[in-house]
Amino acid sequence: NDDWAYAMSARSLANGMFPWTDWQGVPLLSQAFWGALWIKLFGFSFLTLRVSMLLIASLGMWYLFRIISMYSSKAFAAVVALLFFLHPVSIHLSVSFMTDVFALSISLGLTFHLTKLEMKNHSRIDIWMAILFLMIGVLCRQTVLIIPIAFLIASFLKRGIQQTMLHPVTLILGSGIGILLIHDLLLALLNNPPHTYGYQLGMLREAISNPISRMPHFLNYMLGTIVFAGWLLLPFGWLRLKRISPAETAVFCGLFILHAIRRLTLDTFWPGTADVLHPNGVGPWLFPGFNSNELAEGSLMQWCLPVFVAIGMLSFVQRIAKVDWRSPLLWIFILGILPFAFVYLSDRYVWFASCFLLIAFLHGSKTEITISKPLILWVSTVFVLTVLLNHTYFTMRRTHWEVASEWMTKQGDRVNGGFEFNAWHRFRMDGYNGERPENSWAGEDEYRITPVNHVVGYRKIGAESIDGFSWPHDSVYVHQRVTGIGR
């Protein structure tokens, strides 16, 4: 839902201007160069940037295959890599210009070469490739630094401080920190850094200074992480209900009770931030007066959700129990989750971290896969679900964008088309007052373009049917504010 800002950066760079926008909290430089290259070759369009990101996703899938094939057969590794990148969330992020797929793919390349160093099966080129991947990664997202840090923690737990300090990963980490410091110094010298650059780090410092006040948020995010990570890992093995140990049962029951308490005390039923996966499908739904979390009280999803939550929690508990606590892959997951849980833990961050938990789980379980009819059926089912969910989302968004553009041509700033549409046409940092994203840069807000049939304070004056299969909404509506009722 922020890739409009990253697309602006890539377009600016392709036009020879500084690529930063005030909305980015990450360096973005390497991804902006990648996008600008494609824009130079094929011209600017969102489709061009999506294709460029699909190519990066294939790089990530290749490196995921290479990592898993270090421990298992190539057939097993190929199926796992295919399943992960065919997941509805993975495909959705791969056809956007968000930083998640770029950062994960580069991190998987970095992890591959660091794993070779860890296995003592490396050459000098692995060190140089690791340095290259880390530099590219941190110039997209600072958090890629957690990859070498996790490997150093694992080395310390296995070998102690002295051997860890002499480990090649120490040099690799230093190179990543160095390039990030140079980048930040250049931003400071330009005296015009992005307004939101590093804002989460500032929020983390504030949270650390008063951790007690953030504890309810921390516990809420952690419970959501457990469920969401469990859902992400569910396609990679059946739940072993007959083999669940007493310890796993106790942990599962405790987590489910905590979730029940969370549901009773918070004004939201969905476990997670609903940035990617939510009760309406996949992809952010940030329309005026409506967001992804919203669902009618008493709906089928609300009645079924406790079952889905239980499945997600059981999936997570059974998989985390297989992981060696000294594994660098587990520490990547931990470092990718814990700091953000004190600030804001997006589902997208959980997706990134869960990829490494998946590798750690598969390494610990020693499972193998044989190509069989049930396996082919399972992969096909995941693929069909992925296509349906993403087709539904993009079909609806395409219709919404066309209707909003048509009405904006006629009514100008009186049209509120929701977060991404408004931001693309009206973004100004000084025009953002901390309001909910779906109501940002709303203009005069006289007309609202949304797939929601009823909007309080507005009357419906038009509708456009969504072509093709679309769920849960089949039309995009135009609503006009009723005279005398303010925003």
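A: Helices (H or I, at least four residues) and strands (E, at least two) are DSSP runs, numbered from the N terminus. Ser 52 has its place in one such run, helix α3, which covers residues 46-68. The model is a predicted one, in which local features need pLDDT of at least 70 and side-chain atom pairs count only at pLDDT 80 or more, while totals for chains, interfaces and linings use all residues. Residues are numbered from 1 along each chain as its sequence is written, and side-chain values use heavy atoms, with hydrogens and water left out.

Ser 52 counts as buried because its relative accessibility is 0%; buried means under 20% relative accessible area, exposed over 50% and partly exposed in between, with a 1.4 Å probe and protein chains only. Apart from residues up to four places away in sequence, Ser 52 touches Trp 34, Trp 38 and Phe 97, where contact means heavy atoms within 4.5 Å.

The aromatic rings come next. The structure holds 32 aromatic pairs; rings of Phe, Tyr and Trp (its six-membered ring) pair if their centres lie within 6.5 Å, and planes under 30 degrees apart count as stacked, over 60 as edge-to-face and the rest as tilted. One of these pairs joins Phe 352 and Phe 356, which are tilted, with 5.7 Å from centre to centre and 50 degrees between the planes. Both residues belong to helix α16 (residues 347-365), where they are four residues apart, about one turn of the helix. Phe 352 and Phe 356 are both buried.

Trp 407 and Tyr 447 form another tilted pair, at 5.3 Å between centres and 40 degrees between planes. Trp 407 is in helix α17 (residues 373-411) and Tyr 447 in strand β4 (residues 447-450), so this pair ties together parts that are 40 residues apart in sequence. Trp 407 and Tyr 447 are buried as well.

Charged groups also meet these rings. The charged end of Arg 141 sits over the ring of Phe 352, at 5.5 Å from its centre; a charge sits over a ring if NZ of Lys or CZ of Arg is within 6 Å of the ring centre and within 35 degrees of the ring normal. Over the face of Trp 407 lies Lys 410, 4.1 Å from the ring centre.

Helix α16 also contains Leu 357. At 0% relative accessibility, Leu 357 counts as buried. Beyond residues up to four places away in sequence, Leu 357 touches Leu 233, Phe 316, Ile 320, Val 323, Leu 330 and Phe 333.

An aromatic cluster is formed by Trp 4, Trp 23, Phe 419, Phe 427, Tyr 432 and Trp 441. Trp 441 is located in the loop between α18 (419-426) and β4, and with 6% relative accessibility it counts as buried. Phi of Trp 441 is near 45 degrees, a positive value in a residue other than glycine. Asp 445 lies in the loop between α18 and β4, and its phi is near 60 degrees, a positive value in a residue other than glycine. Most residues other than glycine have a negative phi. Asp 445 counts as buried, at 1% relative accessibility.

The axes of α1 (residues 3-14) and α2 (residues 29-42) come within 8 Å and cross at roughly 60 degrees; axes are lines fitted to C-alpha atoms, for helices over the stretch in contact, with angles from 0 to 180 degrees between N-to-C directions. This angle makes α1 oblique to α2, since angles under 35 degrees count as roughly parallel, over 145 as roughly antiparallel, 65 to 115 as roughly perpendicular and the rest as oblique. Among the residues in this contact are Ala 10 and Leu 13 of α1 and Phe 33 and Ile 39 of α2. The crossing of α1 and α2 is right-handed; a crossing is left-handed if the near helix is turned anticlockwise from the far one by less than a right angle, and right-handed if clockwise.

For α6 (residues 99-118) and α7, the axes come within 9 Å and cross at roughly 155 degrees, which makes α6 roughly antiparallel to α7. Their crossing is left-handed. The contact includes His 113 and Lys 116 of α6 and Asp 126 of α7. Asp 126 lies in α7 (residues 124-138), and at 2% relative accessibility it counts as buried. Leaving aside neighbours within four places in sequence, Asp 126 is in contact with His 113, Lys 116 and Asn 121.
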